[in-house]
Amino acid sequence: MNRCVPNPGILDIAPYTPGKTPVPEPGRKVFKLSANETPFGPSPKALAAYKDVADHLADYPEGTSKVLREAIGRAFGLDPNRIICGAGSDEILNLLAHTYLSQGDEAISTAHGFLVYPIATMANGAKNVVVPETDHTANVDAILKAVTPRTKIMWLANPNNPTGTYLPFDEVKRLRAGLPPNVLLVLDAAYSDYVSRNDYELGIELVATSENTVMTHTFSKIHGLAALRIGWMFGPAHIVDAVNRIRGPFNVSTPAMMAAVAAIEDTAHVQMSKAHTEQWRNWLTEEISKLGLKVTPSVANFVLIHFPQAKGKTSAEADAFLTKRGLVLRALNNYGLPHALRMTIGTEEANRLVVDGLRDFMAAK
Ligand SMILES: *Cc1c(COP(=O)(O)O)cnc(C)c1O
């Protein structure tokens, strides 16, 4: 052995491929609709709070993100002592995996689940167990069937990315009730702000009333602060205590913290973005369906569009066609969806251009 060797599992991980960053064709306006970013950017108040911190960049941040935990607590009615903030919810997911998984353990995620889950699982030497979905939706019975004595974590994005589907709260409760008590259920609520369904809940009640469920959330989506890397989790006291022991002492930067406080307090900005998303999600689903393409019903800020496999009409060809027009969607080959594209809901202009583009694509001989 004449060089260092990564831990077991590390080299089995397929590197994460982020949404394409478009290279503008000369004269083309480019719309990046590949990473579920908000077309509105952050609240102007968040931007002002961020700039205010510029005079204090030499100072270490307050290490427990206290002001932000308190702001989240006010917004959601939660005890700030049971919140942890992180550099994106990605950091939180990795901290959870690091706290609870080791070699020989198993963690379950669903067929078209978020790709950070297998990475966090395998990075800790554990086995990534993937269970089938029904109609691109998590299937509680399939999940429960996959549980073994080695299962330690169940990862569930609700709503899920990249499918846009969700589990009603009844089903989430049935999942929790069916999982052994030593299995940690991680409810990833990154897209919860976009959902308006009576039977949906983030899972706060479940976290508050059980010892083995956490909910993670992010400022990257509706709050438009993806560049600042800021996310959080709400969990039982014993989990918060364990995760805090391995969390870096200054894991959240002051600019991120202060911008997030202002963002969560600007409820008007959030409402505006939610209403826009809902209106255009309905419109896009209807218009794209009229073109003969199947759209998975979504409750999030993106839609999943399925393409035929006939030559000239495939998702790869549609992707190339739209990209030429400056419309950059997300191909999903590494999510097990090679015949679909995911489109983030954009401005009215972008949404109309995509439908025009798809109409021309479908009509082309
Ligand atoms: C975008 C996204 C997140 C947010 O990740 P951050 O690290 O907070 O930016 C979390 N989960 C899912 C499923 C996502 O799609």
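Cys85 is buried, at a relative accessible area of 2%. Buried means under 20% relative accessible area, exposed means over 50%, and partly exposed is in between, with a 1.4 Å probe and protein chains only. Now take Cys4. Cys4 has a relative accessible area of 75%, so Cys4 is exposed. How many disulfides does the structure hold? The count is 0. A disulfide here is a pair of cysteine sulfur atoms within 2.5 Å.

A word on the source. This is a predicted model, where local features need pLDDT of at least 70, side-chain atom pairs count only at pLDDT 80 or more, and totals for chains, interfaces and linings use all residues. Residues are numbered from 1 along each chain as its sequence is written, and side-chain values use heavy atoms, with hydrogens and water left out.

On to the ligand. Which residues surround the ligand? Start with Gly88, Ser89, Asp90, Phe114, Asn161 and Asp188, which are among them. Ala190, Tyr191, Thr218, Ser220, Lys221 and Arg229 also belong to the surrounding set. The cut-off for being near is one heavy atom within 4 Å. By class, this shell has 3 nonpolar, 5 polar and 4 charged residues. For those classes, Ala, Val, Leu, Ile, Met, Phe, Trp, Tyr, Cys and Pro count as nonpolar, Asp, Glu, Lys and Arg as charged, and the others, Gly among them, as polar.

Now the atoms. A polar side-chain atom of Asp188 sits 2.6 Å from a nitrogen atom of the ligand. The side chain of Tyr191 has an N or O atom 2.6 Å from an oxygen atom of the ligand. Asp90 uses its backbone: an N or O atom there lies 3.0 Å from a ligand oxygen. How much of the ligand does the protein bury? Taken alone, the ligand exposes 390 Å², and the protein buries 94% of that. These areas come from the Shrake-Rupley method with a 1.4 Å probe; for residues, only the protein chains shown count as cover.

Which helix gives the most to the ligand shell? Helix H3, residues 88-100, does, with 3 residues. Helices (H or I, at least four residues) and strands (E, at least two) are DSSP runs, numbered from the N terminus. H3 has 13 residues, and at 1.5 Å a residue they should span 18 Å. The end C-alpha atoms of H3 are 19 Å apart, which agrees. The expected span is 1.5 Å times one less than the number of residues. The buried residues of H3 are Gly88, Ser89, Ile92, Leu93, Leu95, Leu96 and Ala97. An α-helix has 3.6 residues a turn, so residues three or four places apart point the same way.

Next, Asn251. Asn251 is in the loop between helix H8 (237-246) and helix H9 (254-265). Is Asn251 buried or exposed? Asn251 has a relative accessible area of 13%, so it counts as buried. Its side chain makes a polar contact with the side chain of Glu91, at 3.0 Å. A polar contact is a pair of N or O atoms within 3.5 Å; within protein, one must be able to donate a hydrogen and the other to accept it, and residues adjacent in sequence count only if both atoms are side-chain atoms.

Then H9 itself. H9 is mostly covered, with 9 of its 12 residues buried. Pro255, Met257 and Ile264 are among the buried ones. The 12 residues of H9 should span 16 Å at 1.5 Å a residue, and the end C-alpha atoms are 17 Å apart, which agrees.

Now the backbone. Most residues other than glycine have a negative phi, and most peptide bonds are trans. Where are the cis bonds? One joins Asn158 and Pro159, with omega about 0°. Another joins Asn161 and Pro162, with omega about 15°. Pro159 is in the loop between strand E5 (151-157) and helix H6 (169-178). Pro162 lies in the loop between E5 and H6 too.

Positive phi comes next. Asp135 has phi near 50°, and His136 has phi near 60°. Asp135 sits in the loop between strand E4 (127-131) and helix H5 (140-145). His136 is in the loop between E4 and H5 as well. Asp135 is at 66% relative accessibility, so it counts as exposed.

Last, two more residues. Thr213 lies in strand E7, residues 213-218. Thr213 has a relative accessible area of 0%, so it is buried. Pro297 is in the loop between strand E9 (294-296) and strand E10 (302-306). At 59% relative accessibility, Pro297 counts as exposed.
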